[in-house]
Structures are given as C-alpha cells and as structure tokens.
Amino acid sequence: MSEKKSTDDYWKANIRIITICMVIWALVSFGFAIILRPLLAGIPVGGTDLGFWFAQQGSILTFIVLIFYYTWYMNRLDREFGVEEE
Amino acid sequence: MDQFVINLIFVGASFALYIGIAIWARAGSTSDFYAASRGVNPIVNGAATAADWMSAASFISMAGLIAFVGYGNSTFLMGWTGGYVLLALLLAPYLRKFGRFTVPDFIGDRFYSKTARIVAVISLLVMSITYVIGQMTGAGVAFSRFLEVDNLTGLIIAAAVVFAYAVLGGMKGITYTQLAQYCVLITAYTIPAVFISLQLTGNPLPQLGLFSTHTDSGLPLLQKLDEVLVELGFHDYTGLHEPQTTFNMVLFTLSLMIGTAGLPHVIIRFFTVPKVADARKSAGWALVFIALLYTVAPAVGAMARLNIITTIYPDGTQNQPITYDERPDWMHTWERTGLLRFEDKANDGLIRYYNEANPPQMAIDGGWQGNELVTFNQDILVLANPEIAQLPGWVIGLIAAGGLAAALSTAAGLLLAISSAISHDLLKRTFAPGISEKQELLYARISMAFAIVLATYLGANPPGFAAQVVALAFGLAASSLFPAIMMGIFSKTMNAAGAIVGMIVGLGSTVIYIFLYLGIFFIPGTNLLPNTQDAWIMGISPLSFGAVGAVLNFAAAYITLKMTKPAPEEIQELVESIRVPKGAGGAVDH
C-alpha cells in the first residue's frame with residue numbers, strides 16, 4: 001500500500017513540475033514574444049525591443065534551460081522516491 | 001583550383017565518410033535496425049536528432065524565410081524549437097520506458113487495438129511520405145546546383161548513398177551518419193555566418209551581432225535595417241504586419257510546436273538511448289544542437305538582407321544605386337542560377353531595388369519604371385553568403401556538403417520511420433505475426449529499399465502539392481499522433497474507442513479544413529472557399545489548424561470515453577508502470 005501511495009505522490013510531483021515548466025514555456029513564447037510584446041515595447045534591446053528578442057532568441061534559450069532544469073529535477077525526484085533505473 | 005573540383009572533393013569526402021560508417025555499423029538484429037540496440041549516448045543522440053530534424057529547408061531556406069518577413073516569421077523559430085519542450089516533458093521519457101520500436105507500436109499496445117495501430121500507421125505514412133518528397137527534391141537541387149549534374153542524376157546518387165547506410169545499418173547506421181552529418185552541416189552554416197557578422201558588426205558571434213551596432217552606420221543593426229527597408233517602401237523588419245495577426249501567430253506557433261512533438265521520425269530517435277533519464281537529457285541536447293543553427297539563422301537573414309541593400313545603395317537608400325556594370329562578382333555568379341535576376345526597366349544602367357507596390361517618394365518623383373531586381377530568391381541569403389563575405393572556395397564546397405548532409409539526414413530518418421511502420425506494425429504485429437526475427441529484419445530491409453525507391457520516384461516527379469505538404473505533415477502530426485500518445489500516458493482510463501475516435505476526428509477535421517481552402521489534394525481550383533482571412537472560420541488560417549485539430553481530438557476522445565467503459569485493469573497497470581523510470585532495462589524484444 002505504501003509503495004502505491006509513493007508512486008501516486010511521485011506522479012503528482014511530476015505533474016506539478018511539468019505544469020510550472022509549461023507555464024514558463026507559454027509565457028516566453030506566446031506571452032513575451034507575441035501577445036505581451038506591446039507591454040514590453042519600452043524595454044530596448046539592440047535597436048529593437050525585448051519582445052523581438054524573445055521571439056528570435058530569448059524563447060529558444062529559455063526552452064533549453066527548461067529541459068535541462070526538468071531533467072535535473074526529475075533525476076532528483078527519481079532518487080527521492082526510489083524509482084530511478086539501476 | 002576550380003570551384004567545381006573543390007565542391008566535388010568536399011561532397012565526395014563526406015559521402016565516403018557516410019559509406020564508411022555504413023560498413024562499420026551494420027545491423028545484425030531487429031533491435032539494431034529499429035533502435036540501434038538502445039545503446040546510443042544521449043549527447044550523440046541529441047546531435048543525431050538535430051540532423052534528423054533540420055532538413056534541407058532549414059539549412060538553405062530558413063534564414064531567407066525569416067529575412068523576407070522579419071518579426072512575423074519568428075513563429076518558425078519558436079514553433080520548431082518549442083516542440084522539444086513538449087517532447088522532453090510529455091512524451092520522450094515515457095515512450096522510452098514503454099520500450100517499443102515505433103510510434104504505432106505504442107498506440108496499438110496502449111490502446112489494445114489493431115484498429116488504433118492501423119490508424120496510427122496510416123497517419124504516419126501520409127505525413128512521412130509527404131515530408132520525404134521535399135527532402136529528396138532538396139537533395140536533387142543541391143546536387144544540380146553545386147555539382148552541375150542534372151536533377152535526376154543528383155537524386156539517384158543521393159538515393160544510392162542513403163540506400164547504402166540505411167538498408168545496411170538501419171537505425172544504427174543512420175544514427176552515426178546523422179552525427180557526422182550534423183558536424184558537417186553546422187560547420188558549413190557557422191563559418192560564413194561568423195564572417196558576415198564580423199564584417200557588419202565587428203562581433204564574431206552572429207547571435208550577439210544581430211543585436212549590436214552596424215559598424216558602417218553607427219546605428220544598431222536592426223534599427224538600420226528597419227530604416228533602409230522603410231525608405232525603399234518595404235515594411236519595417238521588427239514590426240507585425242498584415243496579413244499576419246497576433247492571433248494567427250500564436251496559433252501557428254502552437255501548431256508547429258505540437259506538430260514537431262508528434263512527428264514519428266523525431267520520436268523514434270528517443271527509443272535509441274539506454275535509459276529513461278537519458279531520453280530527457282537527450283531532448284535537451286537535441287535542442288542545444290538545433291539552437292546552434294536556429295539562433296544563427298535569423299542573424300544571417302537580417303545581416304545578409306541589409307548587406308545586399310547596402311551593396312546596391314552604397315551611398316544610402318536616398319541616393320543613386322550602383323550601376324549594373326558595377327555589381328559585385330557574386331551577383332554575377334548567382335544570376336546564372338536564376339536565383340537573382342535584374343531587368344533594366346528604366347534603361348539607365350542603374351539597379352533600382354524597391355517595393356513597387358508601395359513606391360517611396362523618390363521613386364514617384366524620379367519616375368522609376370518599377371523594381372529592377374526582379375528575382376531575389378530567399379535561398380540566396382545562405383547560398384551566396386561565402387561569396388558575399390569573400391571567403392575562399394573551400395567554404396563554398398563546405399556549404400555544398402552541408403546542404404546535402406541536411407537533406408540526406410532528414411530523408412534517412414523519415415525512411416526508417418516509414419519502413420519500420422511497414423515491417424514491424426503492419427507485418428509482424430498485424431498481418432504476419434508468425435515471422436521470425438530474421439525474417440522481420442529482412443522485411444525491414446526490403447521495405448526500406450521500397451521506401452527509398454518510392455521517395456526517389458516522387459522526388460523526381462514531385463506532385464504539384466509538394467510545396468504545401470509541410471503544412472499538411474505538421475497539421476497531421478499535431479492533430480492525430482500527439483494527442484493520442486499524450487492521452488495514452490497522462491490518462492489511465494483512456495480506452496481504445498476514445499483514442500480511435502479522437503485520432504479520426506483530429507485527422508479528419510484537419511485534412512478537411514486544409515482541403516477546403518487549399519484545394520482537394522491541393523489541386524488548384526478544387527478549393528470550396530477562397531483562401532483569404534475573411535473566409536477563414538473565426539480567422540483561423542488553414543496552416544495553423546493543427547492546434548485546433550489537436551483540441552478536437554482531445555475533446556472527441558474524452559466524450560467517447562464518457563460514453564464507453566474505461567480501459568481494462570491491466571492496461572491501467574501498464575500506464576502506471578510507464579510513468580516511473582524503474583525497470584526500463586536495455587533492449588526489450590517482444
């Protein structure tokens with residue numbers, strides 16, 4: 001029974017971190033780069049504004065950080081719940 | 001040395017390398033052939049995935065695609081990279097844990113249904129075959145451009161090389177050739193980019209150069225580009241312009257992201273790593289390797305476009321352009337290919353390049369006769385880069401090898417997805433379950449050979465819709481496979497009926513919506529509605545429909561699930577087991 005509960009908790013923790021990462025994923029691309037760009041228009045970046053930077057560079061860099069952060073977090077979570085591979 | 005000889009040496013050497021790898025990496029079992037024995041280092045797999053993913057179009061056309069629209073086409077940059085976040089977080093680790101060989105294999109087993117498996121095979125075949133046509137055509141074009149052989153000969157040489165390593169080595173051969181191809185293509189892309197960035201901004205990193213100061217004018221590069229474009233009557237580079245809208249940018253980006261995550265030839269690359277943790281890490285590395293090109297492409301695009309304008313208007317866009325006789329050598333070279341063409345409409349020897357649909361004041365005052373740079377192909381921004389930057393001939397040879405590497409690596413990945421769906425899903429798992437492993441391996445090789453012949457034929461005689469197929473492939477991947485796989489992992493109770501109805505609704509609605517505006521099978525004149533913003537339902541572009549198809553797939557599946565019995569107990573246990581990494585093991589055979 002305890003193992004079952006532990007697996008459920010593991011999955012819940014996983015869903016939580018996925019949700020957080022997906023919110024950031026959407027915020028930098030659909031948010032900063034497109035919908036919220038007018039709000040960021042006041043922040044200059046090399047001849048244009050922050051929204052343009054997110055559209056052509058910033059979101060890609062954020063995506064990379066997100067995947068490696070998730071990998072690191074999940075490796076730790078796997079060990080914590082004893083479900084890592086041998 | 002003659003440029004032709006240099007190109008020949010570079011292309012020949014890279015091909016010799018691929019064949020060498022093919023001989024070294026022969027596949028001895030189905031596990032070798034389908035999944036490289038699940039022994040691929042995650043970083044190596046990342047590079048192989050990057051080559052698998054980046055097609056001839058990414059290599060040759062991406063920079064131009066961004067440069068001729070500017071901000072509005074950032075959708076491609078975000079869409080084609082953001083999909084890897086979905087892959088890493090939602091699909092790859094669980095599919096690796098499941099430990100099968102193909103995407104329909106997962107769908108068939110998880111939804112305990114032959115029908116589901118066959119629907120998945122059909123959508124896989126449609127999207128992969130349409131996609132591979134473009135790659136073969138691309139390889140033929142690259143050959144004819146650099147090696148002065150005709151298109152068909154080039155295509156046949158390319159097919160023979162792919163045949164050698166894909167039929168012999170399967171996934172094992174493909175993986176290590178893709179690694180080599182990644183190295184070739186990224187070197188070829190980066191070197192001219194560094195030099196053009198140095199020339200224009202003094203910064204060797206194109207990613208930083210894009211946002212730094214344009215040395216000649218002292219203005220920020222992007223501001224300078226905005227200025228000259230507006231002065232010539234074009235719209236500015238960094239703004240959002242019709243026909244693009246915020247709404248369609250969001251929807252198109254989302255469709256590309258979901259589509260990317262649902263493309264089978266990308267997903268199967270994650271079956272080759274030893275562990276679940278490696279599948280997560282490998283997706284990260286894949287994106288690093290992809291970003292090396294995708295962050296350079298917009299810089300190359302903006303810089304090359306500015307460079308060409310300032311070459312034509314050396315004294316500023318308000319003054320006279322250069323005369324036709326003064327044009328630099330590289331323009332001369334590329335005119336011969338037809339990618340660049342001038343027409344002296346005003347008969348004064350000057351090259352007047354401007355937007356004739358919105359002529360600037362000086363064009364009206366000066367009585368200009370129309371834009372005289374009549375052909376300005378977007379591919380020129382990458383292809384002519386080495387000559388624009390006055391780099392030695394071997395860099396051009398490298399570009400030739402790089403373009404071919406990009407086309408061949410993607411073609412091989414697609415061919416493997418096609419052949420494994422036929423030999424494994426249709427034969428072994430559906431119609432001929434009695435065949436031995438040896439026989440299955442033979443059938444895998446035969447279907448690979450068949451797929452190459454088919455792709456070569458279609459590449460030589462591309463159907464009229466070839467240019468549109470990328471939209472179709474992404475739309476199908478987004479609306480059929482991605483939701484089915486995701487529900488298979490994240491919903492324990494999702495049943496066969498739900499998955500099948502979902503896939504059919506997603507697939508059907510997307511195909512219908514695209515055909516409605518672009519014509520039935522893209523045949524001109526068969527579209528029932530005009531392809532204009534006013535005619536689109538709720539303003540949704542047919543190219544952006546994939547995300548809507550995905551939503552319809554999810555909705556249809558859940559409604560069906562509510563009306564039918566949830567998945568049986570043993571399937572729910574199976575889902576629980578794929579959610580934890582423990583016990584993934586090495587090569588799992590059936």
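Modeller: Leaving out residues up to four places away in sequence, L516(B) is in contact (heavy atoms within 4.5 Å) with N527(B), L528(B) and L529(B). This is a predicted model, in which local features need pLDDT of at least 70 and side-chain atom pairs pLDDT 80 or more, while totals for chains, interfaces and linings use all residues. Residues are numbered from 1 along each chain as its sequence is written, chains are lettered from A and ligands numbered from 1 in the order written, and side-chain values use heavy atoms, without hydrogens or water.

L516(B) belongs to helix α22 of chain B, residues 496–518 (helices are DSSP runs of H or I, at least four residues, numbered from the N terminus). With a relative accessibility of 19%, L516(B) counts as buried, the cut-off being under 20%, with exposed over 50% and partly exposed in between (1.4 Å probe, protein chains only). Its C-alpha is 9.7 Å from that of W536(B), a residue 20 places away in sequence.

Helix α4 of chain B, residues 56–67, holds S61(B). Here the relative accessible area is 17%, so S61(B) is buried. Once neighbours within four places in sequence are set aside, the contacts of S61(B) are A56(B), Q378(B) and D379(B).

Chain B contributes 54 residues to it and chain A 42 residues. Together the two chains bury about 4200 Å² (accessible area lost on being put together, 1.4 Å probe, summed over both), and carbon and sulfur atoms account for 72% of that area. On the chain B side, L89(B), F211(B) and R280(B) provide 17% of the area buried against chain A, more than any other three residues.

R280(B) also makes a salt bridge with D78(A), and the closest N and O atoms of the pair are 3.0 Å apart (the criterion is a Lys or Arg side-chain nitrogen within 4 Å of an Asp or Glu carboxyl oxygen). Between chain B and chain A the count is 1 salt bridge. Two or more residues each are given to the side of chain B that touches chain A by α5 (74–98), α10 (221–231), α11 (246–262), α13 (276–294) and α21 (469–490) of chain B. The largest share of that side is from α5(B), with 12 residues.
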